[in-house]
Amino acid sequence: MKLVNYVVGPLSTNSYVIYDEVTMDAIVIDPGSNELVPKCRELIGKGLKFSKIIATHGHVDHVAGVKSLREITGAKFMLHKSDIEIMDISLDWGWELGYNLSLEDLSPDYVYEGDEVVSLGDLEIKIIHTPGHTPGSIVLYIPSLKIAFTGDTLFRESVGRTDLMGGSWPALKESIRRLANTFNSETIIYPGHGPSSTLGYELRNNRFVKHILRGG
Ligand SMILES: [Zn+2]
Ligand SMILES: [Zn+2]
């Protein structure tokens with residue numbers, strides 16, 4: 001599997017493209033801006049076939065590029081059911097944050113309802129429901145490669161804020177505990193903002209994670 005990271009938009013969102021080098025099946029994770037359009041066109045020119053656009057949650061900085069990317073790739077947009085309303089509301093903030101958005105036509109082609117498994121070539125990607133930052137936040141976990149895309153649930157040395165609409169600190173704590181029990185210490189974490197990390201690093205250096213796992 002190949003991974004490409006683009007930092008896009010006014011909030012410096014990490015958008016990721018992952019693809020299977022044999023089948024050329026590709027997925028976009030968190031398309032945070034239309035800046036991705038020329039980049040994805042280039043990848044399509046190299047033979048990539050985008051089948052899915054997956055948002056880790058519905059906040060505007062993670063879905064702002066969905067409409068244009070769906071048009072050029074024909075890929076299916078997938079979002080957790082519990083974030084559809086959050087997405088609609090957060091698109092209204094987009095204007096203030098400087099996003100150049102078309103508000104229509106962001107309805108998902110597929111909604112997750114709980115944990116699920118999706119495939120990329122021969123790879124199995126687990127969709128883990130991790131509410132807290134938003135009610136429909138998810139983490140994409142690829143056990144065979146020991147990597148996870150954690151959206152705004154878990155960052156290097158921080159965790160997602162829970163003061164926005166639909167946020168819940170008790171739910172976030174439960175989700176962090178679940179991730180800590182699911183990953184092993186070498187699991188690489190690719191968050192929605194900022195640098196990558198590993199679970200082991202976070203267990204040692206992330207004061208929020210340490211507090212939560214101590215039962216706080
Ligand atoms: Zn967010
Ligand atoms: Zn974000």
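View 1. Leu120 has Leu123 of S8 as its bridge partner. This is a predicted model, in which local features need pLDDT of at least 70 and side-chain atom pairs count only at pLDDT 80 or more, while totals for chains, interfaces and linings use all residues. Residues are numbered from 1 along each chain as its sequence is written, and chains are lettered from A and ligands numbered from 1 in the order in which they are written. Val118 stands opposite Ile125 in S8. S7 and strand S8 (residues 123-129) are antiparallel and share five bridges; two strands pair if DSSP finds at least two bridges between them. Between the strands of this hairpin there are two residues, and Gly121 has a positive phi near 55°.

View 2. Strands (E, at least two residues) and helices (H or I, at least four) are DSSP runs, numbered from the N terminus.

**View 3. Another open sheet.** Six strands follow the order S1-S2-S3-S4-S5-S6, again with mixed pairing. Its edge strands, S1 (2-8) and S6 (110-112), each pair on one side only. On average, neighbouring strands of this sheet are turned by 20° against each other, direction ignored. S1 and strand S2 (residues 13-19) run antiparallel, joined by seven bridges. In S2, Tyr16 is the bridge partner of Asn5.

**View 4. Helices on the sheet.** Helix H1 (residues 36-45) lies across S1, S2, strand S3 (25-29) and strand S4 (49-54), and runs at about 160° to S1. Helix H3 (residues 66-73) also packs on the sheet: H3 touches S3, S4 and strand S5 (76-80), and its direction makes about 155° with that of S4. Axes are lines fitted to C-alpha atoms, for helices over the stretch in contact, and angles run from 0 to 180 degrees between N-to-C directions.

**View 5. Where two helices meet.** H1 and H3 pack at about 20°, their axes 10 Å apart. That angle makes H1 roughly parallel to H3 (angles under 35 degrees count as roughly parallel). The contact uses Leu36, Val37, Cys40, Arg41 and Ile44 of H1, together with Ser68, Leu69, Ile72 and Thr73 of H3. Residues are in contact if their C-beta atoms, placed from the backbone, lie within 7 Å. By class, this contact has six nonpolar, two polar and one charged residues (Ala, Val, Leu, Ile, Met, Phe, Trp, Tyr, Cys and Pro count as nonpolar, Asp, Glu, Lys and Arg as charged, and the others, Gly among them, as polar).

**View 6. Stepping back to the chain.** The protein chain has seven helices and 14 strands. Along its principal axes, the C-alpha trace of the protein chain spans about 50 × 40 × 30 Å.

Note on methods
Two residues are in contact if their C-beta atoms, placed from the backbone, lie within 7 Å. Angles under 35 degrees count as roughly parallel, over 145 as roughly antiparallel, 65 to 115 as roughly perpendicular and the rest as oblique.
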